[in-house]
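Visitor: I would like to learn how to read this structure, one feature at a time. Could you walk me through what is shown here?

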Amino acid sequence: MTQQAAALQTYNNELVKCIEDLCSKREELNSQIKQEEEEKERLQHDIRVLSEKLSRVNESLAQRLAARATFDRTIAETEAAYTKILESSQSLLSVLKQEAGNLSKATEPRRKAQ
């Protein structure tokens, strides 16, 4: 019976040691879980902050793109109007030179026919 009691005591000690090892591993795992949960919260916070920044940048970008489109349209319209002014000026100059030539011919003294 002493041998059985000793064997039982050995089994009991091993069982207690195994339970203590499992409890220790559980606590280590629990600590890792807490760290990862904290990291998850930090990352979620960072995602919220970055999402808000992204939203603001997208709004600003949209406004700037619209402003650039307005500039492009205004520049194109101005250049087209300026081109028309240049064409009109060229036409006016051509007509003026022609009229000046006609006036010069009309005011030249006439030569007598021989």
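**Reading the model together**

Visitor: Glu-38 is found in which helix, and how is a helix defined?

Guide: Welcome! Before we start, this is a predicted model, where local features need pLDDT of at least 70, side-chain atom pairs count only at pLDDT 80 or more, and totals for chains, interfaces and linings use all residues. Residues are numbered from 1 along each chain as its sequence is written, and side-chain values use heavy atoms, with hydrogens and water left out. Helices (H or I, at least four residues) and strands (E, at least two) are DSSP runs, numbered from the N terminus. Here, Glu-38 is found in helix H1, and helix H1 covers residues 2-107. Met-1 lies in the segment before H1.

Visitor: Why does Met-1 count as exposed?

Guide: The general idea is a set of cut-offs: buried means under 20% relative accessible area, exposed over 50%, and partly exposed in between (1.4 Å probe, protein chains only). Met-1 has a relative accessible area of 80%, so Met-1 is exposed. Glu-38, at 48% relative accessibility, counts as partly exposed.

Visitor: Which residues does the UniProt annotation "coiled-coil region" cover?

Guide: UniProt positions are given in the numbering used here, feature names are shortened, and annotations may be inferred rather than shown by experiment. According to the unreviewed UniProt entry, the "coiled-coil region" covers residues 19-60. In the model, that span is 100% helix and 0% strand, with its end C-alpha atoms 61 Å apart.

Visitor: How many salt bridges does the count come to?

Guide: Side chains of opposite charge can pair when their charged atoms come close. The rule used is that a salt bridge is a side-chain nitrogen of Lys or Arg within 4 Å of a carboxyl oxygen of Asp or Glu. The count comes to 3 salt bridges. One of them joins the side chains of Asp-21 and Lys-17 (3.4 Å, N to O). Asp-21 and Lys-17 lie 4 residues apart in helix H1, about one turn of the helix.

Visitor: Which side chains meet at 3.5 Å, and which at 3.9 Å?

Guide: Glu-27 and Arg-26 form the salt bridge at 3.5 Å, N to O. Arg-26 counts as exposed because its relative accessibility is 55%, whereas Glu-27, at 45%, counts as partly exposed. The salt bridge at 3.9 Å, N to O, is between Glu-39 and Arg-42. Glu-39 and Arg-42 are 3 residues apart in helix H1, so about one helical turn separates them.

Visitor: Which residues form the nonpolar patch, and which the negative one?

Guide: Patches are made of residues with over 30% relative accessible area and no salt bridge: like charges are joined within 9 Å, and nonpolar side chains (Val, Leu, Ile, Met, Phe, Trp, Tyr) within 5 Å. Accessible areas come from the Shrake-Rupley method with a 1.4 Å probe, and for residues only the protein chains shown count as cover. Tyr-82, Ile-85 and Leu-86 form a nonpolar patch on the surface, together having about 320 Å² of accessible area. Ile-85 counts as exposed, because its relative accessibility is 51%.

For charges, Lys and Arg count as positive and Asp and Glu as negative, while His and the chain ends are not counted. The place of a charge is taken as NZ of Lys, CZ of Arg, CG of Asp or CD of Glu. Glu-36, Glu-37, Glu-38 and Glu-41 form a negative surface patch.
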